[in-house]
Amino acid sequence: MTTTENKTHTGRCFCGTVEIAVSGEPVGMGYCHCESCRAWSAGPVNAFTLWPPDAVRFTKGTDKVGSYHKTDNSLRKWCTVCGGHLMTEHPQWKLIDVYAAIVPSVAFKPGIHVNYQDTVIPMRDGLPKQRDFPVELGGTGQLMAE
């Protein structure tokens, strides 16, 4: 299926109580290696899709969405019924990270690794490896070798 600017993708938590919709195209996709994302995702790396806030909405189960505000730029959301993780709002960047596995109809095409200085699983895939974040997101913009 060809994705267009008006395409809507749907996703849900693990049990299906909470459903979301994202519209259009993500503004970025990649992998985060920071300790916080690794702990939250219970994995060695977190696959992300970034969306403008107006492209993301809850379509079911809004009253069952929990949140945790760890830092000023991280408001994590999950289903309070099953614990399934949904997204992280990044207000300072005006972006929402909808976890790649939540929206399976979005063709995951990673373009970058961020926080690669914290990696626990080296990935030799030819993608740029940012030490922290790109300059436009407040990072150093420094690249690391694979």
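Predicted model: local features only at pLDDT ≥ 70, side-chain atom pairs only at ≥ 80, totals over all residues.
A residue counts as buried when its relative accessible area is under 20%, as exposed when that area is over 50%, and as partly exposed in between.

A pair of aromatic rings is described by the distance of the centres and the angle of the planes. Searching the whole structure gives three aromatic pairs. One of them joins Tyr-31 and Phe-108, whose ring centres are 5.5 Å apart; the planes meet at 75 degrees, and because an angle over 60 counts as edge-to-face, this pair is edge-to-face. Tyr-31 belongs to strand E3 (residues 28-32), while Phe-108 is found in the loop between strand E9 (95-99) and strand E10 (112-114), so the pair ties together parts that are 77 residues apart in sequence.

Another pair brings two tryptophans together. The rings of Trp-40 and Trp-78 are also edge-to-face, with 5.9 Å from centre to centre and 65 degrees between the planes. Here too, distant parts of the chain are linked: Trp-40 sits in helix H1 (residues 35-41) and Trp-78 in strand E7 (residues 74-79), 38 residues apart. Trp-40 has a relative accessibility of 18%, so this residue counts as buried. Trp-78, by contrast, has a relative accessible area of 22% and is partly exposed.

Key. Residues numbered from 1 in each chain as written. Heavy atoms only, no water. Phe/Tyr/Trp six-rings, centres within 6.5 Å; stacked < 30°, edge-to-face > 60°. Helix = DSSP H or I, 4+ residues; strand = E, 2+ residues; numbered from the N terminus. Buried < 20%, exposed > 50% of the residue type's maximum accessible area, 1.4 Å probe, protein only.
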